[in-house]
Amino acid sequence: MVTVIDGLEQRGLAKRLPHPADRRAVAVTLTAKARRLLPALHDQGRALEDEIAARDREIPKATTHDAQILAIRDARRYLGDRLIRVATPHRLLDPSAGPLIAVRLRILTRKTLGGLQTDLSGRVLRSDGTPLPGLYAAGEIAGFGGGGMHGYRSLEGTFLGGCLFSGRTAGRAVAAALG
Ligand SMILES: Cc1cc2nc3c(=O)[nH]c(=O)nc-3n(C[C@H](O)[C@H](O)[C@H](O)COP(=O)(O)OP(=O)(O)OC[C@H]3O[C@@H](n4cnc5c(N)ncnc54)[C@H](O)[C@@H]3O)c2cc1C
């Protein structure tokens, strides 16, 4: 909670004020800026709730066009998943399946399967295939996935080895170039 209030304060959305009746406590109040934002937040909340309710309505249906539910059903046909995943699909807003926990996700790229073209010394190559002087690449940026170091099977669990190996290779090449 302290971190949440710190964040709100940094954004000018909340203030810690001395508690009027208790010197040991602080009172947290929303600023005028926060109050102006509240109606929009309520609208966003309602829109999200409508979306979740619409998804929940699809759960009991034998046939649905909801792409996520179809993907879950498809994945659950795989015996390995059925054995180790214990949560049967259910309505998100089913109180008996609670508590409802929200998680903020942040998007990142992983396993780009692309990157810069290098030679076997980790030197970055120009589009005409000649080395760009002084520039080396190691790790995922060296583009060893997707047809590089691991052929076309560079998927789960195969990246860290390539990162370390390409780092060592590029490091040695840099040391050799510097004499
Ligand atoms: C969720 C997840 C699970 C994974 N699981 C596995 C696994 O089980 N097995 C496996 O082998 N691989 C796994 N990988 C892939 C593996 O972790 C990555 O391929 C590897 O960490 C890439 O290492 P890297 O050093 O090339 O790049 P990164 O680890 O991405 O390092 C790049 C660094 O550069 C920094 N940086 C970016 N821009 C700048 C800038 N302008 N100036 C200064 N610094 C900058 C970044 O902050 C970062 O620290 C997983 C990846 C993810 C995301």
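**Figure 1. Confidence along the predicted chain.** The protein has a mean pLDDT (the predictor's confidence in each residue, from 0 to 100) of 88, with 92% of its residues at 70 or more. Helix α4 (residues 79-84) has the lowest confidence, a mean of 79, and strand β4 (residues 131-136) the highest, 96. Helices (H or I, at least four residues) and strands (E, at least two) are DSSP runs, numbered from the N terminus. Residues are numbered from 1 along each chain as its sequence is written. Local features need pLDDT of at least 70 and side-chain atom pairs 80 or more, while totals for chains, interfaces and linings use all residues; side-chain values use heavy atoms, without hydrogens and water.

**Figure 2. The largest pocket.** Its volume, the space filled by probe spheres set on grid points joined across faces, edges and corners, is about 510 Å³. A pocket is an open set of points on a 1 Å grid over the protein atoms alone, where a 1.4 Å probe fits, with protein on both sides within 12 Å along at least five of seven lines; lining residues have an atom within 4 Å of a point. Among the lining residues are Val4, Leu8, Arg11, Leu37, Leu41 and Arg104. Helices α1 (2-10) and α2 (32-58) each give two or more residues, and the largest share, four residues, comes from α2. The lining has nine nonpolar residues, one polar and two charged. Ala, Val, Leu, Ile, Met, Phe, Trp, Tyr, Cys and Pro count as nonpolar, Asp, Glu, Lys and Arg as charged, and the others, Gly among them, as polar.

Figure 3. An N or O atom in the side chain of Glu140 is 2.5 Å from a ligand oxygen atom. From the backbone, an N or O atom of Phe159 is 2.9 Å from a ligand oxygen atom.

**Figure 4. A cis peptide bond.** Gly98 and Pro99 are joined by a cis peptide bond, with omega near 0°. Pro99 is in the loop between α4 and β3 (123-125).

Technical notes: Polar contact = N/O pair within 3.5 Å; in protein donor to acceptor, adjacent residues only side chain to side chain.
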